[in-house]
Amino acid sequence: MVWGKDDPLARWQPDFDPTGAKYVYLLSCVGHPAIEGVAAGYRIRDRLWRETNGQLYVDFRPLSQLGGEKDVINKLKFGAVQGMMSSSVAAANIAPKLGIVNLPYVVDTFEKLNDFRNNEKLWGPFRDAALAQNIQVLDFTGYGSYGWATTTPVATVEEGRRVNFRIAQAPVNIDSYKAWGLKFSVLPWPDVPQALQTGVIDGLDHTPIVCNISKKFTVARYYTELNYAQGLYVHLVNRKWLNSLPEELRKIFLAVVKEESHDAREMTKKQQLAQVEAARADGVTFLKLNHESDAFMREKSEQVYRIWEKKVGPSYLELVRKELKR
């Protein structure tokens, strides 16, 4: 994947003049729009411009243009930013219940993700989890299945214990790595390239889409396909701003976000296959944990559930696990 050196967002500039818009929706995301789940922000922008006849302009700012996720979350609460496509690992900092999608081996496949979204008993509590913060969850896109990009091959837990994994600034991840007994470092995403190149870390907890597009595979030449969780961009909106829209515009807004989010999830499945194929062709070795190690990881994840059932609600966690059991 290659993009312009001078302006990495040049190809995504609008083909219309937004200056006449009555309403502006400032929408943030940390990711690069080469990721389909991020590019959905631009597709939402263009559709809403057309379908509202230029009344509503989505000023989409990917690549952390508005700051790190914790900073943007605070701006979102107070309305300085109206919307945010937050990584699911960061979203749990807003409301613990949002962390349920990153609990290991719960919503761990593309199929379970769609089942979760389409089941009102599961989706409803997630959608409304941040209302007390003046934030509404609208929907989510994705960036693929989580695993390990490493500088040495990892096919067992024992081999994993020799690796220092970078994990996100997220409470779910910290609890998971502690339960698995693995060494980890919590680093902001912008610090990862230098840490990986200098050997401060020699592993990365992320998805093949992100690792290949962001060039992490140039250093970490092995990838262990754990598939323990789905990476999501959770679309959050400031409720005061949402309620300020005229009813007809609000209906169009919500419908477009829902439709484009659904389509982006389908695109993400295809993009993951394509990025894995591209990485393999470039010499990256893909591995899976052996049976014993996989069973160990799943067993130890029960410790994480015991911690998080207090945060998300024991009945909700039990319901999600039961409904998504395959």
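The model is predicted: local features need pLDDT of at least 70, side-chain atom pairs count only at pLDDT 80 or more, and totals for chains, interfaces and linings use all residues. Residues are numbered from 1 along each chain as its sequence is written, and side-chain values use heavy atoms, with hydrogens and water left out.

**Sheet**

An open sheet with mixed pairing is formed by 6 strands, in the order E7-E6-E8-E5-E9-E11. Strands E7 (184-186) and E11 (285-287) stand at the edges with a single partner strand each, so one side of each has no neighbour in the sheet. On average, neighbouring strands of this sheet are turned by 25 degrees against each other, direction ignored; axes are lines fitted to C-alpha atoms. Helices (H or I, at least four residues) and strands (E, at least two) are DSSP runs, numbered from the N terminus. Two strands count as paired if DSSP finds at least two bridges between them. Strand E9 (residues 222-224) pairs with E11 in the parallel sense over 3 bridges. Tyr 223 has Phe 286 in E11 as its bridge partner.

**Salt bridges**

A salt bridge is a side-chain nitrogen of Lys or Arg within 4 Å of a carboxyl oxygen of Asp or Glu. The count comes to 21 salt bridges. The table gives some of them.

| Pair | N to O distance |
|---|---|
| Arg 47 and Glu 260 | 3.2 Å |
| Asp 139 and Arg 265 | 2.9 Å |
| Arg 221 and Asp 282 | 3.5 Å |

Arg 47 lies in helix H1 and Glu 260 in helix H11 (residues 247-281), 213 residues apart. Both Arg 47 and Glu 260 are buried, where buried means under 20% relative accessible area, exposed over 50%, and partly exposed in between (1.4 Å probe, protein chains only). Arg 47 and Glu 260 also belong to a network of salt bridges that links them with Glu 36, Arg 43, Glu 51 and Glu 259.

Asp 139, in strand E4 (residues 135-145), and Arg 265, in helix H11, are 126 residues apart. Asp 139 is buried at 1% relative accessibility, and Arg 265 is buried at 5%.

Arg 221 sits in the loop between H9 and E9, and Asp 282 in the loop between H11 and E11, 61 residues apart. Arg 221 is partly exposed, at 25% relative accessibility.

**Positive phi in loops**

Asn 53 is not a glycine, yet has a positive phi of about 55 degrees. Asn 53 is placed in the loop between helix H1 (36-51) and strand E2 (56-61) and is exposed at 70% relative accessibility. Lys 215, also a residue other than glycine, has a positive phi near 70 degrees. The loop between helix H9 (208-213) and E9 holds Lys 215, which is partly exposed at 40% relative accessibility.

Terms used: Axes are lines fitted to C-alpha atoms, for helices over the stretch in contact, and angles run from 0 to 180 degrees between N-to-C directions.
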